[in-house]
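Here is a friendly walk through one protein chain, meant to be read with the structure open beside you.

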Amino acid sequence: MNMLKITEVNKRFGGLQAVDSVSFEVERGSICGLIGPNGSGKTTIYNLITGFYRVDSGEITFKGEPITGLKPHEIVKKGLVRTFQVTRVFPRMSVMENMLLAPVSSGESVLAVLRGSRRVNEDERLYNEKALKLLDFVELTHLRNELACNLSYGDQKRLELVRALMTDPEMVLLDEPTAGVNLTLVNKMIDYIHQLRDKGLTFLLIEHHMKFIMNLSDRIFVLDHGAKIAEGKPPEVQSNPKVIEAYLGVKHKVIS
Ligand code: ADP
Ligand code: MG
């Protein structure tokens with residue numbers, strides 16, 4: 001069964017067709033990649049799926065239910081969360097505070113979203129435990145009381161990943177989770193995502209790092225100038241001349 005399905009989705013900004021009649025389906029329990037050159041519309045598609053932008057036309061369903069037009073926090077409640085290309089941790093809050101109180105949409109904390117209220121004390125211990133377990137998973141426990149601004153860029157990326165998991169999502173959209181991080185952490189991220197998928201999570205990834213995307217993805221969708229130009233398993237996509245041309249502007253080169 002598909003977890004996420006987008007059908008003929010369009011989004012225009014002034015004279016620019018940022019998303020041009022894009023359709024794709026992400027199967028439950030799979031890891032899919034969304035790739036394409038800079039400006040090809042990847043982040044805009046995330047903004048449309050997660051309710052940050054409204055579609056001009058087209059339909060988006062999650063677990064078979066239409067979510068088009070819902071607000072970001074309503075979509076989070078349904079079990080679909082995202083991370084941001086530019087990391088949005090709170091620099092003057094500790095790692096632990098980021099886990100517990102980070103707004104997942106305008107002004108609402110994880111706790112408020114989960115419980116539909118702003119009374120945060122009741123289940124605090126439970127959420128604390130959950131946060132510590134997640135921090136342990138990405139090897140950040142020792143930094144739990146550190147201000148987020150003192151974390152390395154790579155550690156901030158890890159924090160963003162596990163913070164998204166605080167809402168117990170069924171599906172996670174990651175926007176460039178390894179942009180600017182070193183190879184050791186890229187490999188760790190691959191491992192984290194494999195482990196999370198084995199626990200039943202579904203992923204959609206935007207990433208330029210080819211090793212990352214090719215290693216992880218069951219299926220890849222390729223965008224160019226807002227339109228989907230290819231779709232398939234990693235080897236199919238890698239050898240597709242249209243994809244090679246979109247990326248490199250030349251034919252007969254292999255993406256590596
Ligand atoms: P990608 O994530 O693939 O690099 P984006 O989805 O961020 O690309 O952007 C696709 C195109 O849409 C770009 O030309 C970008 O400048 C434009 N765009 C994105 N968001 C907006 C916006 N809020 N207003 C105007 N143009 C936008
Ligand atoms: Mg982007």
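Ser-30 sits in the loop between S2 and strand S3 (31-35). This is a predicted model, so please read every distance and angle below as a value computed from predicted coordinates. With a relative accessibility of 8%, Ser-30 counts as buried. A polar atom of the Ser-30 side chain lies 2.7 Å from the backbone oxygen of Glu-27.

Glu-27 itself belongs to strand S2 (residues 16-27). Is Glu-27 buried or exposed? Its relative accessibility is 54%, and the cut-off for exposed is over 50%, so Glu-27 counts as exposed.

Strand S1 covers residues 2-13 and includes Asn-10. Asn-10 is buried, at 17% relative accessible area, and its side chain reaches the backbone oxygen of Glu-8 at 3.5 Å.

Lys-11 makes a salt bridge with Asp-56, with 3.9 Å between the closest N and O atoms. Because Lys-11 is in strand S1 and Asp-56 is in the loop between H1 and S4, this pair ties together parts that are 45 residues apart in sequence. The two partners can be described separately: Lys-11 counts as buried at 12% relative accessibility, whereas Asp-56 is partly exposed at 45%.

The loop between helix H1 (42-49) and strand S4 (57-62) also holds Phe-52. At 33% relative accessibility, Phe-52 counts as partly exposed. Together with Phe-13, Leu-16 and Tyr-53, Phe-52 makes a nonpolar surface patch of about 350 Å².

**Charged pairs**

Side chains of opposite charge can pair when their charged atoms come close. How many salt bridges does the model have? The count comes to 14, and the table shows some of them.

| Salt bridge | Closest N and O atoms |
|---|---|
| Lys-11 with Asp-56 | 3.9 Å |
| Lys-78 with Glu-65 | 3.0 Å |
| Asp-198 with Arg-197 | 3.9 Å |

Lys-78 and Glu-65 form a salt bridge at 3.0 Å. That pair links distant parts of the chain, 13 residues apart: Lys-78 is in the loop between helix H2 (72-77) and strand S6 (80-82), and Glu-65 is in strand S5 (residues 65-66). Lys-78 is partly exposed at 28% relative accessibility, and Glu-65 is partly exposed at 38%.

In the Asp-198 and Arg-197 pair, the closest N and O atoms are 3.9 Å apart. Salt bridges with shared partners also join Glu-139, Asp-155, Arg-158 and Lys-188 into one network.

**Helix H7**

Does the length of helix H7 agree or disagree with what its residue count leads us to expect? At 1.5 Å a residue, the 16 residues of H7 (residues 183-198) should span 22 Å, and the end C-alpha atoms are 23 Å apart, which agrees.

Which residues of H7 are buried? They are Leu-185, Val-186, Met-189, Ile-190, Tyr-192, Ile-193, Leu-196 and Arg-197. Viewed down the axis of H7, these buried residues fall within an arc of 165 degrees, so they line one face of the helix. The spacing makes sense, because an α-helix has 3.6 residues a turn, so residues three or four places apart point the same way.

The face of H7 turned away from the buried side carries the exposed residues Thr-184 and Asp-198. For Asp-198, the relative accessibility is 64%, so it counts as exposed.

Both ends of the helix deserve a look. At the start of H7, a side-chain oxygen of Asn-182 comes to within 3.2 Å of the backbone nitrogen of Thr-184. Just after H7, Gly-200 takes a positive phi of about 110 degrees.

Glu-176 has a positive phi of about 55 degrees although it is not a glycine. Glu-176 is in the loop between strand S9 (171-175) and H7, where it is buried at 8% relative accessible area.

His-225 is also a residue other than glycine with a positive phi, near 50 degrees. His-225 lies in the loop between strand S11 (219-224) and strand S12 (227-232), and at 65% relative accessibility it counts as exposed.

Key:
Residues numbered from 1 in each chain as written. Chains lettered and ligands numbered in written order. Predicted model: local features only at pLDDT ≥ 70, side-chain atom pairs only at ≥ 80, totals over all residues. Heavy atoms only, no water. Helix = DSSP H or I, 4+ residues; strand = E, 2+ residues; numbered from the N terminus. Expected span 1.5 Å × (residues − 1). Buried < 20%, exposed > 50% of the residue type's maximum accessible area, 1.4 Å probe, protein only. Arc of directions from axis to C-beta. Polar contact = N/O pair within 3.5 Å; in protein donor to acceptor, adjacent residues only side chain to side chain. Patch = residues over 30% accessible without salt bridge, like charges linked within 9 Å, V, L, I, M, F, W, Y side chains within 5 Å. Areas by Shrake-Rupley, 256 points an atom, 1.4 Å probe, with all protein chains shown as cover. Salt bridge = Lys/Arg side-chain N within 4 Å of Asp/Glu carboxyl O.
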